[in-house]
Amino acid sequence: MTMPLLQVENLGIHFGPTVDPVKAVDGISFSMQAGETLAVVGESGSGKSVTALALTRLLASPPARYVSGSIAFEGRDVLQLREGELRSLRGKQIAYIFQEPGSSLNPVFTIGYQIREAIELHRPEVRDVTAEIVHALDTVGIRNPASRLGDYPHQLSGGMQQRVMIAMALACQPKLLVADEPTTALDVTIQKQIMDLLKDLKRTSNMSILLITHNFGLVAGFADRVVVMFRGKIVETGPTAQVLQNPQHPYTKALIECVPKLGQKQHRLKVIDYAGIQ
Amino acid sequence: MNSISLSQETYTQRLWRHFHADKFALNGLRIVILLFIVAALAPFLANSHALIRVADGHVSFPIFLSLEPIEWRFLLYVPLAGLVYFFRHRFIAHPGIFILAVIGFIAAVEIFLALTHPINDPTNDRDRPASFKLLPPIPYSPIESTPDQFSPPTWKHLCGTDSTGRDIAARMLHGARTSLSIGFVAQSIALTIGIALGGLAGYYRSWLDIGICRFIEVMDCFPPLLFILVAISLFESQNNMFYIMAVIGLTSWTGVARLVRGEFLRLSSLPFTLAAKAIGANDFRIIVRHLLPNALGPILVAGTFGVASAILIESSLSFLGFGMQAPTPSWGDILSDARRYIDFAWWLAFFPGLAILITIMSYNFVGEGLRDAVDPRLKMK
Amino acid sequence: MTHYIIRRFLLLVPTLFGITLLTFLLIRLSPTNAALIKGGGGEGGGKAMTAEQREQIVKFYGLDKPPLVAYGNWVGKAMRGDLGNSFADHRPVADKILERLPLTISITGSALILSYFLAIPLGVIAAIKRGQVVDRTISFVVFVLYSIPSFAAALLLILFVAGGDYLNLLPMYGINSINASEMSLFPWLWDRILHMILPVVCLTYASLASISRYARVSMLEALSQDFVRTARAKGLRERVVILRHALRNALIPLITIFALELPVLIGGAIIIESIFTLPGMGQLMFQSLDSWDEPVIMGITVLAAVVTLLSYLVADILYVIVDPRISYE
Ligand SMILES: Nc1ncnc2c1ncn2[C@@H]1O[C@H](COP(=O)(O)OP(=O)(O)OP(=O)(O)O)[C@@H](O)[C@H]1O
Ligand SMILES: [Mg+2]
């Protein structure tokens, strides 16, 4: 068996006081192979974003405390890396897309500049950076990309902003793309377009994708495997089809039932019944 | 019953808890209160007359006989403090009206006293023989010249003396009264105007709002000190304490007006105001019972900072020779003396400068603490 | 852009009207002039005046005419730059102000620029080290500076570093030494700089304090934004994240602060010029207040208000230029 791309072992991240801390991530372990697509599903506050940010130690410490475990990316423990080594990991090896494209782009720089920054930093060998930026924007489906380079983020729609974020993430050809709820802030039709784009990328490149979501509906047909998080712990993990068809943990069942199915009449909105879990 | 009152923290209690947790703010408040006490008791702390004097078998209390009307104010504040203490439970229920009432009362007393003029009594009990005498800690009166001119700080004159041998410590203590009462009253005037105009603009909107906003804009274009200097010089013949209070107040209300306008705009579209309108409450009632109490937090914050800047303006004016007329002691006035003897008399600049610094800093700390307590979102720490 | 600027200029008109009207009312309501209007001697203000001065005032402000006509005439003259003649030396007020203006502009200008240059790094450092000893130290020192009255600071500085019985490092008064006219260019310049140090320092520290407080808050605000996380996620150096991504955003609101600082600085300059006996507008103002040179007083007041008004305008325009999110359409 080859070495996994990412191997998280017993990771624990706490916030707040040391005596009675907020255990945002409470001893989780999972791994990802190169080219694999993993979905992390869980409700709000279950520790998904904290996990995602921890992969490149983007969570500043303090306030976060990395209390236990290891994060091995290509065999090297991220938690032991020095600041300089971390920087060459970020963007170059592991790139991010965040939930709010509107606020994740810097309002005072043009989108062209913001993509250029990433390319110039991680791919100094590229001669014609502008062509590369245009290419990146073209890949994410922005029409007439050359004329868009000088636009400021506020001049783009939410969907286009998220495409720019994706272009920026892809521009350095990372091995792992972490998409933290990339569609939550967008409306439904745009959500579908962005998910289709991610699917395309998955097909055409050998990049691994870590998709974070609270919506099981996005997971089917996208992820190879699923990890279900509940209050900082992983309660279930397995191949997507298996988890969807035969969920073991009551929380997973509840989450799956929350997704309205097409063609099925919903009499009541499903609400998770916490009393039944644990 | 008990558990309810424990778990349901009122707004005022929450304010106080936040404020109390802020060390700087709390100490600032302590210093401000201490300054007020010192100011009120100034005649007993620095006076050339004895507190008690026994001579020829007679016991007398010369200090009380020498008191000028302006110095009796502490007698008005003792019952005020009593009232505040007595009604402290009502205070929790209606803090807004209560605070405004207390501010109004003090301002009224101070305005009334500001209109009176001090009298100079040249006698002193230091040199008068007596079988027993109890002198105040600083046995000099602020307007009394002694033969020691330009004495640097010594045990005899703790803060030194000036060119005519007046004791600086005594002048500083009495000057505290001038500064505090001008700061307080000027800001009360500014608050009154600011609340009135800002309230009108924010509540009635439309043309009234436009007009008042324009007026505020115009007022804000005049550099404050320049404006005040011109206003004071124009009416120089009526130069007394109340006049200075009024001019400072009349020129520094725009900040409060902007703030009250903003708060009223926000509050008057909230459900509780609409509900009050729906049951037919009249405008005055809505403003006084609903809007004003809810806007009071930010108003008090602005008022506290405003007192600090009014004190600064007063001392600038006195320093420049446009403020209180001699011989009324004022910190700025001591500083302007310092200017003439700048090559050696450091004590003339140092002590009043320090006093102004501490006062302004305390007020600013209280203001910051209040602001953080009123709106924890703005907390900068 | 030009469209926007023109519109903003037109919006100035009502405020300008308000400024002049207020100043004019102040003049007319002054006891001196009220007495003149009634045909009295004008001693109501407690300022003795010669018959000739009285006549001049009446004529210049049209005190013998109805208020509206008088106001119209006065504004008309003021717009043509005719602010009347000084009582003291009968020279046009505008000329007297203009020759004093460069000095005042240079000290307030240097103070403003200097405070920006020092305040922004201070605010940024405090924001980055939020809650740590560095931040608390900076915040406290800035708070103390903010509360020291400038005239007290000026006096103590003169006392301890400029002559007197203590250190004698810097000149005490004036803009040049007595023998400055015999100096060649560079010694003269050096002499001038030495004379300017204390006044500029006294004027700078207070606005430095308030600007750095704004800078800290503004920087904290910028650092908490999502795009800072994006910049870090790209692998940018922390220095670049802070100085390029966060600071660029934090500077936008700071640019407009200068307009708020300007009136304070003008007020401060009046005091500082009088302490250091610098022949600027502030000193002219005091001379005029002392001798009740009414046309000069009013000229300076209106000028200061107009300058402040224009600085608000400049701040607004700058804001539109630096913030790409605001369009001026
Ligand atoms: N900077 C922080 N300081 C304190 N607590 C934090 C911080 N960041 C996260 N937490 C805590 O960590 C827990 C997990 O948060 P996280 O952001 O990972 O949730 P999430 O699963 O991403 O939820 P969402 O779907 O809302 O994004 C939460 O309880 C939150 O309160
Ligand atoms: Mg999240």
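Visitor: Why is the pairing of B:Arg340 and B:Asp337 called a salt bridge?
Guide: This is a predicted model. In it, the side chains of B:Arg340 and B:Asp337 meet at 3.4 Å, N to O. The cut-off is 4 Å between a side-chain nitrogen of Lys or Arg and a carboxyl oxygen of Asp or Glu, so the label holds.

Visitor: What separates B:Arg340 and B:Asp337 along helix α15 of chain B?
Guide: About one helical turn, because they are 3 residues apart in that helix.

Visitor: Why is B:Arg340 called exposed?
Guide: B:Arg340 has 54% relative accessibility. Exposed means over 50%, so B:Arg340 qualifies.

Visitor: And what makes B:Asp337 count as buried?
Guide: Its relative accessibility is 8%.

Visitor: Turn to chain A. How do you know that A:Arg225 and A:Glu36 form a salt bridge?
Guide: Their closest N and O atoms are 2.6 Å apart. The limit is 4 Å, so the pair passes.

Visitor: Which parts of chain A does that pair tie together?
Guide: A:Arg225 lies in strand β9, and A:Glu36 lies in the loop between β2 and β3. The two parts are therefore 189 residues apart in sequence.

Visitor: Is A:Glu36 buried or exposed?
Guide: Buried, because its relative accessible area is 11% and the cut-off is under 20%. A:Arg225 has 22%, so it counts as partly exposed.

Visitor: What makes A:Asp200 and A:Arg203 a salt bridge?
Guide: Their closest N and O atoms lie 3.2 Å apart, and the rule asks for within 4 Å. Both residues sit in helix α7 of chain A, 3 residues apart, about one turn of the helix. A:Asp200 is partly exposed at 35%. A:Arg203 counts as exposed at 65%.

Visitor: How many salt bridges does the rule find across the interface of chain B and chain C?
Guide: The rule finds 1 there. B:Glu368 pairs with C:Arg213, with the closest N and O atoms 2.5 Å apart. That is within 4 Å, so the pair counts.

Visitor: What else describes the contact of chain B and chain C?
Guide: Chain B gives 46 residues and chain C gives 58 residues. Together they bury about 4500 Å², 78% of it on carbon and sulfur atoms. B:Cys221, B:Leu234 and B:Ile342 supply 15% of the area that chain B buries against chain C, more than any other three residues. The interface also has 7 residue pairs in polar contact.

Terms used
Residues numbered from 1 in each chain as written. Chains lettered and ligands numbered in written order. Predicted model: local features only at pLDDT ≥ 70, side-chain atom pairs only at ≥ 80, totals over all residues. Heavy atoms only, no water. Contact = heavy atoms within 4.5 Å. Buried area = accessible area lost by both parts, 1.4 Å probe. Polar contact = N/O pair within 3.5 Å; in protein donor to acceptor, adjacent residues only side chain to side chain. Helix = DSSP H or I, 4+ residues; strand = E, 2+ residues; numbered from the N terminus. Buried < 20%, exposed > 50% of the residue type's maximum accessible area, 1.4 Å probe, protein only.
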